[in-house]
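Reader: I'm new to protein models. Could you show me how to read one?

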Amino acid sequence: MTKKDVDEGWAWVVLVAAYMNGFLLSGVCYMGGMFQVVLLEHFQEGVGLTAWVTSVYGSLMFFAGPLASVITSYFDCRTSVMLGGLLLAGGLVASSFATSLGLFFVFFGIIAGLGLGLSYTPCVVIVSYYFAKKRTFVTSVALSAAGTGLLVAPLLFRYLLDNFAWRECLVILAGICIHITLFGALMFPIHERKKERVLSAFCKHRRAGISEDVTSCDLINGCTNDDLNQSRVTSCEPGRFESRILEDDSEPLQIGTDTQSRRTTESQLDIFRNLAFVVLCVNQVMVNASCGILNIHLAAFCEFYGTKPQHVAWVLSVNGPANIVSRILLGAFAHASEKNVWILYYGVLMTAGTVFCLMPLFAKTYVTQLIAVILIGTYLGGSYALIPALTLECVGLMRLATAFGVTMICSGLGLLVAPPLAGWFVDITGSYDCSMYLAGVLMFLSVPVGLVVPQLIQPKKEHNIQREYAVVMATSRDSGVEMRTSV
């Protein structure tokens, strides 16, 4: 790939590949709720115990993000996506031979779930490498694939269950998921582009008569950290600069001193001393715990009240378009009124919590279940579009990437713990009403927790965040390098 492929040429092929992978990954992840019903019928284990399988499967999409980042840093996005696709397909095939819930937990919950996580994050990151001028737009396009996956996956999986045994369905899904590896193979790393940028930085300093001791700040002005960690530069000008050039992909370029690296690490870890951010993370655990209960137990809840399995698939699928509309509308509202983002966030959480608590009372028919899911998807789905802005307000631009990764781990924690807890309530009471009440209570509790966050953001710290943002943007303009913070 060459510089000509940025914003044009092969970049559009990569965008299509990222979109298709987002479509497949979101759909396969969302089918965990329908599999919960299948596993309960076949293995005849408790609801709480069975929920561990599907909750681990879904939560690993978030928990495996740091591992995907490591693989991407040492190799490239292509390697992580292809490896994840192979693990996902292999885990699904192995799950079809499982004779106990324990084996199914290993193959489906852990191996296939790990494949989900390794594939998802790089598919979003690779788009940022290939696009500069249109980066915001194409990232939104790539992320919109999730809504399409939520729409199609339940209908497809229901069709497969109606025509094949559930073990055969897993093999068919594995055949579909192997396409994630094929699409990942199209995501070539742009080594040539990064090589040119590093070379131009050296040549710029060479012409200016800079001494041999090139500082880390000089290098950073010429290229971003991602470029330094992933570039493969084999030559520059023979002589004294050759020792400064990265010879092997497996060895990241060492810039600065150990003291500077330690200070950078300590600076990133400052977010854990930021009380406002810590409280926001607690809020995210509660919100995603509520969402996890809905995703895992909604199908069983609907069938508990007599809804036909074919109709349940439609109840699940309407969540997709509701999410798409919600993210667009809430994103537009947040952009129009930046100071009211917190109020908007509390409003959608309160509304979703109310719907959760009303579901056991009113959502007992197919039509009312459709309405309830549309309302939840419309209000709650768009709340995820607000998290980057809220995180930025808490920690500032310089620590946004680290902070956003932490919020993803907190989201995975909520998805991991809450569904089995709700399942144990079902085992005790014999009714799925308690699972929806628990989801509503957690959502309501997340609101007062979130209300504390703006009060903890000190005016002085807010001023520093705004000044930090201005400095970063000014440095970016002066050096001619565009900031590439991927969210």
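**Reading helices and a salt bridge**

Author: Let's start with Leu156, which is found in helix H7 (residues 135-163). Helices here are DSSP runs of H or I with at least four residues, numbered from the N terminus. This is a predicted model, where local features need pLDDT of at least 70, side-chain atom pairs count only at pLDDT 80 or more, and totals for chains, interfaces and linings use all residues. Residues are numbered from 1 along each chain as its sequence is written, and side-chain values use heavy atoms, leaving out hydrogens and water.

Reader: Is Leu156 buried or partly exposed?

Author: Buried means under 20% relative accessible area, exposed over 50%, and partly exposed in between (1.4 Å probe, protein chains only). Leu156 has 35%, so it is partly exposed.

Reader: Which side chains meet in a salt bridge?

Author: Side chains of opposite charge can pair when their charged atoms come close. The rule asks for a side-chain nitrogen of Lys or Arg within 4 Å of a carboxyl oxygen of Asp or Glu. By this rule the count is one salt bridge: Asp162 and Arg158 meet at 3.2 Å, N to O. They are separated by about one helical turn, because they sit four residues apart in helix H7. Asp162 is partly exposed at 40%, whereas Arg158 counts as buried at 16%.

Reader: What does Asn323 touch?

Author: Contact means heavy atoms within 4.5 Å. Not counting residues up to four places away in sequence, Asn323 touches Leu150, Gly377 and Gly381. Asn323 lies in helix H15 (residues 319-336) and is buried, with a relative accessible area of 8%.

Note on methods: Helix = DSSP H or I, 4+ residues; strand = E, 2+ residues; numbered from the N terminus.
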